[in-house]
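Please keep the sequence and the structure in view while reading.

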Amino acid sequence: MKKNIFKFILLFAASMFALVSCQQKTEGPDDGPDEPTVTDVQYVFSSVEGESVELPHKFENNWMIVKCPDWLQVSPKSGFAGDVNLKFTSLKSNDSFHEIEDKLGIQDGEKISTYVAIMRGLQGIASINSSYTFKSQVESSLPIEVEGTLPFEVASAPSWLEIVKESATDSLILSDKKTKSQYVVTTLKATVKESSENFREDKVVLKASNGHEIEIPVAQMSSKTPFKRNIFFRFTATWCGYCPIMASAMHRAIDEDPERFAIVNFYGNSDGGLTFPDMSAISKQYGVTGYPSGVFNNYVDCVNIKEDRQVELYTQLKEEALAKQELWAISNIGGSLTVADGNVNASIKIKSNEAKKYRVMAFLVESGCVQAQSNASSDYVHDNVAKIALTENVMGDDYIFTANEEKVLEFSAAIPSTVRKNENLSVVVVVLREGKFTGDVKGAGYTNFFDYIEDNCRTIKVGEDLDYQME
């Protein structure tokens, strides 16, 4: 998942680094990250950019600095035998919680001593996730993960939330094999109490030992909130050698949380009857100029980057859609899909919590289509293949709802001749609402396609009769 970090720098004490000799070993345990175990010499000084410190050193012979990290300046760089004050200057600050490690080499006569140079990490704490949402009115728990280099306490929390420390990672031993890293991830267990309220939100305040505080937004959704699902549109073709990468990434993200997604695959000019008849119109609306292309929730343009990075992005986008109240579903979707006398019949019920204008898209899709795929296999299985649009307009039909109104939309169409097995058919219903959205997921291609974003969606298979689902 992308990290949203709130960084707080010490006002009166800077990050530290140490030079630790590698030549000898001392006996006894490390006393802790603030005072690393050393042999016969230890240098501890500020890592704030531009700050300097002079430290004494005794040389037996003519000496010189033979290796120095690019973030550290030492002067003088050479000299004669005797006592010398070495001036160390930090050339940059460490903006990460993790230490920076490097080597420093000093030649004294014929002897070269190598030291591990350790710049301490940023002194502070941060929440790994930007916010936490409890999606139920019943008592439930979530882990809140906090990373950083300082001890902290819970300064305040809402009365409906109980927070206890559950665990903390052990400090790693750095490359000198003696010094402990100050970086720790602490897990807090947050338990929300049962509620009869429709919605409530507040914040948890954590206070680090340096006095700085971070705020973590928390919210509890109402049981009256419709269950939120996210829609993938993928534009592809059987001859496209790069397309299986995006397909695999999307399905890996879906497999992690299948209840939260629906997907429609639109095929252009493909073998085996997979071509979507309205491909030109829908491609133009989404600005598709090549394959593969993808759309998430009608506000993110998905591109075909490395598969693991795609999976990470899609997972982060799903979490963002669940965390931000402005993206929560207002509409709820249920209904049934049947096949009879060569026709497919979809009875779709939609209920809106608010007065709202929606655009409803409905696509008949087929799964389990075995067809050769370039750069994959001759028996590649194509799922959720768009066969036809059930709405009059391929981009959806508009409906106006009053608050708490329910509409039942009836769709009927002849089963396309390209359908292989009726039992593999489904209808994917997508409800869009007016709006634009730009979020915080790094690397996501937030795009305003046509002033509508996804509100909710649902997949209904042949033979299913689904009721509304709540969070």
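## The disulfide

A disulfide is a pair of cysteine sulfur atoms within 2.5 Å. The model examined here is predicted: local features need pLDDT of at least 70, side-chain atom pairs count only at pLDDT 80 or more, and totals for chains, interfaces and linings use all residues. Residues are numbered from 1 along each chain as its sequence is written, and side-chain values use heavy atoms, with hydrogens and water left out.

The structure holds one disulfide. Its partners are C240 and C243, with sulfur atoms 2.2 Å apart. The link of C240 and C243 is right-handed, with 90 degrees about the S-S bond. A residue is called buried under 20% relative accessible area, exposed over 50%, and partly exposed in between (1.4 Å probe, protein chains only). C240 is buried, at a relative accessible area of 4%, and C243 is buried as well, at 1%.

## The nonpolar cores

A nonpolar core is a set of buried Ala, Val, Leu, Ile, Met, Phe, Trp, Tyr and Cys residues joined through side-chain atoms within 4.5 Å. The largest nonpolar core has 26 residues, and those with the most contacts inside it are F233, F235, V264, F266, I282, Y286 and F363. Among the elements that each supply at least two residues of this core are strand 18 (230-236), helix 2 (279-285) and strand 24 (356-366). Helices (H or I, at least four residues) and strands (E, at least two) are DSSP runs, numbered from the N terminus. A second, separate core of 25 residues includes I388, L409, F411 and V419.

Contact means heavy atoms within 4.5 Å. Leaving aside neighbours within four places in sequence, the contacts of F266 include F233, F235, I282 and F363. S426, in strand 30, is buried, with a relative accessible area of 6%. Not counting residues up to four places away in sequence, S426 touches L337, F363, L364, V365, T459, I460 and K461.

## The largest cavity

On a 1 Å grid over the protein atoms alone, a cavity is a set of points where a 1.4 Å probe fits but cannot get out, and a pocket is an open set with protein on both sides within 12 Å along at least five of seven lines; lining residues have an atom within 4 Å of a point. Grid points are joined across faces, edges and corners, and a volume is the space filled by probe spheres set on the points.

A search of the whole structure finds one cavity of 30 Å³ or more. The largest cavity holds about 40 Å³ of space. Its lining consists of R234, T236, C243, P244, A247, Y267, Q373, Y380 and H382. Helix 1 gives the largest share of this lining, three residues. By class, the lining has five nonpolar, three polar and one charged residues; Ala, Val, Leu, Ile, Met, Phe, Trp, Tyr, Cys and Pro count as nonpolar, Asp, Glu, Lys and Arg as charged, and the others, Gly among them, as polar.

## The second largest pocket

The second largest pocket has a volume of about 550 Å³. It is lined by 21 residues, of which P258, F261, N384, T459 and K461 are the closest to its centre. Helix 1 (243-256), strand 19 (261-267), strand 30 (425-434) and strand 32 (452-461) each supply at least two residues of the lining. Seven nonpolar, six polar and eight charged residues make up this lining.
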